[in-house]
Amino acid sequence: AALAAMLVPLRSSGSSLRRAGVVRTIPRPIRRWRQRVFSEICRESASTSPEISSAEMSGVLEGLEPKELWGRFGELSAIPRPSKEEQKVLAWLKTIAEENKLQWEQDSVGNMVIRRPGSAGGENAAPVVIQGHVDMVTEKNNDVAHDFSKDPITLLREGDWITAKGTTLGADNGIGVAAALALLTMPTTTKLPPLECLFTVDEETGLTGAKQLKGTMLKGKTMLNLDTEDWGSVYMGCSGGGDSTISLPLTTAKTASLKPGEYEWYEVTCKGLKGGHSGMDIATGRGNSIRLLARSLETVRRAHQAKLSLIKGGNKRNAIARECTAKIALPVSSKAKSLALLTKSFEAYQQEYKTAEPSLSFSCEPLPKEGYPEAFLGESSADALLCLLTSLPHGVMRMS
């Protein structure tokens with residue numbers, strides 16, 4: 001009941017919804033940030049990203065409730081924390097623990113537990129474990145200059161939504177970490193059982209922290225996992241996945257080997273998709289930019305012998321690719337037909353994904369001669385690569 005007193009306001013204040021990098025909020029007063037470690041980290045990060053400052057971030061989150069939670073989320077957003085690079089956020093957690101005279105322990109993998117004694121009548125209750133992970137999915141739009149190893153997240157406020165400028169927000173699982181910290185630092189007059197707040201590392205790239213957790217750090221038998229979507233729901237299952245390593249031998253030819261004036265090069269782009277987490281959003285019917293663009297390229301290659309030099313899209317194995325770019329050469333003799341075929345396929349995809357991906361867009365722009373690639377894939381290699389990309393499964397493979 002004591003924990004519910006803290007967690008229920010997340011729902012009643014309208015901040016319970018987290019979707020692939022967006023958090024919904026309702027404004028109320030918020031405290032000023034005061035941790036010394038945050039100021040140091042923010043100054044370090046701001047030196048590489050002049051767009052953001054603690055004052056600007058504070059303005060974005062001004063008036064959000066619960067104030068302790070949103071204050072912590074703001075601090076956390078200023079700390080770079082890609083998977084396997086969680087040193088700064090772990091140092092921040094240690095500082096918070098020590099400033100609040102709370103015990104902490106860390107295992108060899110990096111997982112940390114911070115302990116808060118029971119208070120205001122909850123001293124003799126059984127301890128409760130509160131768990132969240134400190135790393136985040138690091139996805140950005142191609143036109144955004146952002147180094148997740150150095151730069152803070154640039155927060156934006158759009159109506160009653162908090163999002164990020166051209167990058168993932170890190171609400172997965174930053175909002176859970178912020179909730180745990182808010183519990184840890186509540187006044188001692190709050191009735192709470194003993195808490196063991198567990199912060200795991202490297203969740204997004206294989207659950208490394210959870211798998212190698214030193215279990216003896218925890219005494220509690222009841223755990224609340226805050227990496228969730230809907231408050232008040234109990235999950236009986238979740239999405240699964242697997243990794244594959246595929247080696248595909250490729251041959252190339254020099255662009256200079258083509259007859260002058262026989263081909264013209266174009267950059268083709270698919271963008272505007274929602275992307276999202278490959279576990280959380282995989283069943284929502286969202287498009288995969290790599291797959292869509294590969295389908296179009298395969299069509300124009302078969303019909304007009306287009307050359308393929310490059311196809312690039314996606315950044316993380318656990319994120320649905322939302323942007324993809326390719327460089328192709330079209331025969332001048334059939335250029336108009338090739339472009340018309342590409343446009344027709346693009347329009348078909350926009351119709352197919354009209355509901356799930358309303359912002360899906362394509363472009364096909366000619367490259368200047370100085371931008372022509374030096375080489376392109378051989379015929380059989382291009383066919384094999386595009387066949388592979390269009391054949392690999394995407395989406396839900398089986399429902400339990």
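Which loop holds Pro-66? The one between helix 3 (54-61) and helix 4 (67-77). Helices here are DSSP runs of H or I with at least four residues, strands are runs of E with at least two, and both are numbered from the N terminus.

Before I go on, two notes. This is a predicted model, where local features need pLDDT of at least 70, side-chain atom pairs count only at pLDDT 80 or more, and totals for chains, interfaces and linings use all residues. Residues are numbered from 1 along each chain as its sequence is written, and side-chain values use heavy atoms, with hydrogens and water left out.

Back to Pro-66. A cis peptide bond links Glu-65 to Pro-66. Omega there is about 5 degrees. There is another cis bond to look at, from Asp-172 to Asn-173. Its omega is near 5 degrees. Asn-173 sits in a helix, namely helix 6 (residues 171-184).

Next, backbone phi. Most residues other than glycine have a negative phi, and most peptide bonds are trans. Now take Lys-101. Its phi is positive, near 55 degrees, and Lys-101 is not a glycine. You will find Lys-101 in the loop between helix 5 (87-99) and strand 3 (103-106). Is Lys-101 buried or exposed? Lys-101 counts as exposed, because its relative accessibility is 76%. The cut-offs are these: buried is under 20% relative accessible area, exposed is over 50%, and partly exposed is in between, with a 1.4 Å probe and protein chains only.

Ala-120 also has a positive phi, about 55 degrees. Look for Ala-120 in the loop between strand 4 (112-116) and strand 5 (128-133). At 38% relative accessibility, Ala-120 is partly exposed.

Four strands make an open sheet, ordered 12-13-11-14, with antiparallel pairing. Pairing requires at least two DSSP bridges between two strands. Which strands are at the edges? Strand 12 (307-313) and strand 14 (361-366), each pairing on one side only. On average, neighbouring strands are turned by 20 degrees against each other, direction ignored. Strand 11 (residues 263-271) and strand 13 (residues 324-331) run antiparallel and are joined by 8 bridges.

Technical notes:
Axes are lines fitted to C-alpha atoms, for helices over the stretch in contact, and angles run from 0 to 180 degrees between N-to-C directions.
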